[in-house]
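Have the structure open and follow along step by step.

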Amino acid sequence: MKNILFTQKVKKYQGKYIAVVKNKVVSSGKDAREAFSLAKKILGRKKVEGVYYIPQKKDLFTALCVFHISN
Amino acid sequence: MRFPYFQLEKDNFAPIIPLKILGREGWITFEAYIDSGASFSIFNIDRAEILGIHPKREEKIYLTVGDGGLLEVYIHRLQVELSDLRFMAQIGFSYQLGIGFNLLGRKSFFEHFRICFDDKKRFVEVYNIM
């Protein structure tokens, strides 16, 4: 089964975080913690399987690099 | 294993893939942007809380970012699953990561996999080389 991250279903959550069970969105929030906590309340004993950030347009124009390690 | 790019529009896409990490209550999957320019994988600190781990218990290092600034990162060794392979990986957690998604960098991952980007066909292929 195609991970929900790669489907059109998540587009409406751009800029938000979603919690997922069985490839379905259970909750969403403005940060990962909020989406996760809300999902736990909804699910009870069931486990949250995934927490994803759904990028928005501006997030995908990036120049990412992290280098040079120091202690 | 082949992963399609995360895609919002025709010309707006990125190599974001699902990565499973073992936390205190079991496996949980997060998204991670494959960043071959990053020495380390860096996750936002709230993902550590979701995993049930205390980020500050582990080694603190500083990573230099593109503008010359320093990013404070706590490095943990965690069991991960990518492309059906489970292994121990070094994952950094930071309070200062200013982007929504997590970064999957070279350390621990590019040693286990050959990773090929195909922007034309919009997918990334992750080959196990262990």
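**Exercise 1.** In this predicted model, find the bridge partner of Asn44(B) in strand 9 of chain B, then work out how the strands there are arranged.

*Solution.* 
Step 1. Strand 6 (residues 41–44) of chain B pairs with strand 9 (residues 85–94) of chain B in the parallel sense, over four bridges.
Step 2. Now turn to strand 8 (residues 70–82) of chain B, which runs antiparallel to strand 9 of chain B and is joined to it by nine bridges. One position to check is Leu78(B), whose bridge partner in strand 9 of chain B is Ala89(B).
Step 3. Strands 8 and 9 of chain B form a hairpin with two residues between them. In its turn, Ser83(B) has a positive phi of about 50°.

**Exercise 2.** Which strands of chain A are joined by bridges to strand 1 of chain A, and is strand 1 mostly covered or mostly open?

*Solution.* 
Step 1. Strand 2 (residues 24–29) of chain A runs antiparallel to strand 1 of chain A, with five bridges joining them. Here Val21(A) has Lys24(A) as its bridge partner.
Step 2. These two strands make a hairpin with two residues between them, and Lys22(A) in the turn has a positive phi of about 50°.
Step 3. Strand 3 (residues 50–53) of chain A is also antiparallel to strand 1 of chain A, through four bridges. Within strand 3 of chain A, Gly50(A) stands opposite Val20(A).
Step 4. Strand 1 (residues 17–21) of chain A is mostly covered, with four of its five residues buried.

Conventions: Residues are numbered from 1 along each chain as its sequence is written. Chains are lettered from A and ligands numbered from 1 in the order in which they are written. This is a predicted model: local features need pLDDT of at least 70, side-chain atom pairs count only at pLDDT 80 or more; totals for chains, interfaces and linings use all residues. A residue is buried if 20 or more other C-beta atoms lie within 10 Å of its own, exposed if 12 or fewer, and partly exposed in between; C-beta atoms are placed from the backbone. Two strands pair if DSSP finds at least two bridges between them.
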